[in-house]
Amino acid sequence: ARIVGGHEAEPHSHPYMAFLKVGRYSCGGFLVAPDWVMSAAHCLLGNITVVLGAHDIHEPEKTQQTRGVLRYYPHPSYDPESNFNDIMLLKARAVLNDYVKTIPLPKTSSYLPTGTQCIIAGWGKIDEDHSTDKLFETKVSIYSRRKCSLFYPHLDSGMMCAGSFHQLKDSSQGDSGGPLVCNNVAQGVVSFGYNTPPGVYARISNYLPWIKHTMKK
């Protein structure tokens, strides 16, 4: 989990959010179909338990659904050294209701316009000393590819950058594996970043053929 910044989200205002327990670690994820959760491949550090419908992850909320993962599908070309193809699908069965909903994926492989306003959410650290049990959210903007490659020279078509321009402290990555949501569509998966913006996200629209193929399984 990384620094989130931002503010506490309205409870259950992001009903697609998933909290992933991975041993001593945690990641974010998001529900993209009734039995599919998307996250980052680097979160696959052991068996994963998925919690859906949560706001405060340390409270036994009646809205929560805790699920084991039936099958793990990290991207076959994921490279932990370079963070290339840092995307993963998890098969886990959800019951959809007001608190647990899917979020749409992009329909085409096109790039988002620079400056597009997006939201990230997660249960990460608020600052150096405090982490949060409750879901936080923060606003970020899409960086141009040219500007992003100044920070990350190995940027490829499967990556995109976003960050908030006004807060230098704000690496605002949310939880690793959580979604970058732009106009109510999941466009990115939180991948990596350093302690200053921008953060790097797996660009979901680059992976649509792999996603469609995997979700047929």
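This is a guided tour of one predicted protein model, stop by stop.

**Before you start**

Residues are numbered from 1 along each chain as its sequence is written.

**The whole chain**

Show the protein chain as a cartoon. Its secondary structure comes to two helices and 14 strands; helices (H or I, at least four residues) and strands (E, at least two) are DSSP runs, numbered from the N terminus. Of its 217 residues, 54% count as buried. Buried means under 20% relative accessible area, exposed over 50%, and partly exposed in between (1.4 Å probe, protein chains only). Contact means heavy atoms within 4.5 Å. Among contacts between residues at least 6 apart in sequence, 68% join residues at least 24 apart.

Now colour by pLDDT, the predictor's confidence in each residue, from 0 to 100. The mean for the protein chain is 90, and 88% of its residues reach 70 or more. Select residues 168–173: pLDDT stays under 50 there, and the model has 29 contacts beyond four places in sequence for this stretch.

**The disulfides**

Select the cysteines next. How many disulfides are there? The count comes to three, where a disulfide is a pair of cysteine sulfur atoms within 2.5 Å. A disulfide is a covalent bond between the sulfur atoms of two cysteines.

Start with Cys27 and Cys43, joined with an S to S distance of 2.0 Å. The link is left-handed, with -85 degrees about the S-S bond. Cys27 is in strand 3 (residues 25–33) and Cys43 in the loop between strand 4 (36–39) and strand 5; the pair is 16 residues apart and links distant parts of the chain. Cys27 is buried at a relative accessible area of 6%, and Cys43 is buried at 0%.

Move to Cys118 and Cys182, whose disulfide has an S to S distance of 2.2 Å. The torsion about this S-S bond is about 100 degrees, so the disulfide is right-handed. Cys118 lies in strand 9 and Cys182 in strand 12 (residues 179–182), so the pair ties together parts that are 64 residues apart in sequence. Both Cys118 and Cys182 are buried.

The next pair to select is Cys148 and Cys161, with sulfur atoms 1.5 Å apart in their disulfide. Here the link runs from helix 1 (residues 145–151), which holds Cys148, to strand 11 (residues 159–163), which holds Cys161; the two are 13 residues apart, and the pair links distant parts of the chain. Both Cys148 and Cys161 are buried.

With the bonded cysteines of the protein chain numbered in sequence order, the pairing reads 1-2, 3-6, 4-5.

**The salt bridge**

Select Asp56 and Lys134 and show their side chains. A search of the whole structure finds one salt bridge, a term for a side-chain nitrogen of Lys or Arg within 4 Å of a carboxyl oxygen of Asp or Glu. The side chains of Asp56 and Lys134 form a salt bridge, at 3.7 Å from N to O. Asp56 lies in the loop between strand 5 (48–52) and strand 6 (65–68), and Lys134 in the loop between strand 9 (117–122) and strand 10 (136–142), so the pair ties together parts that are 78 residues apart in sequence. Asp56 counts as buried at 9% relative accessibility, whereas Lys134 is partly exposed at 33%.

**Lys91**

Next, select Lys91 in strand 8 (residues 88–91). What lies around this residue? Not counting residues up to four places away in sequence, Lys91 touches Asp35, Trp36, Gly68, Val69, Leu70, Arg71 and Lys217. Lys91 is buried yet has no salt bridge, and the nearest side chain of opposite charge, Asp35, is 4.2 Å away; Lys and Arg count as positive and Asp and Glu as negative, with His and the chain ends not counted. The side chain of Lys91 reaches the backbone oxygen of Lys217 at 2.9 Å.

**His154**

End at His154, in the loop between helix 1 and strand 11. Is His154 buried or partly exposed? His154 is partly exposed, with a relative accessible area of 31%. Beyond four places in sequence, His154 touches Ser82, Phe84, Met159 and Phe192. Select Asn83 as well: the C-alpha atoms of His154 and Asn83 are separated by 9.7 Å, and the two residues are 71 residues apart along the chain.

Definitions and conventions. This is a predicted model: local features need pLDDT of at least 70, side-chain atom pairs count only at pLDDT 80 or more; totals for chains, interfaces and linings use all residues. Side-chain values use heavy atoms; hydrogens and water are left out. A polar contact is a pair of N or O atoms within 3.5 Å; within protein, one must be able to donate a hydrogen and the other to accept it, and residues adjacent in sequence count only if both atoms are side-chain atoms.
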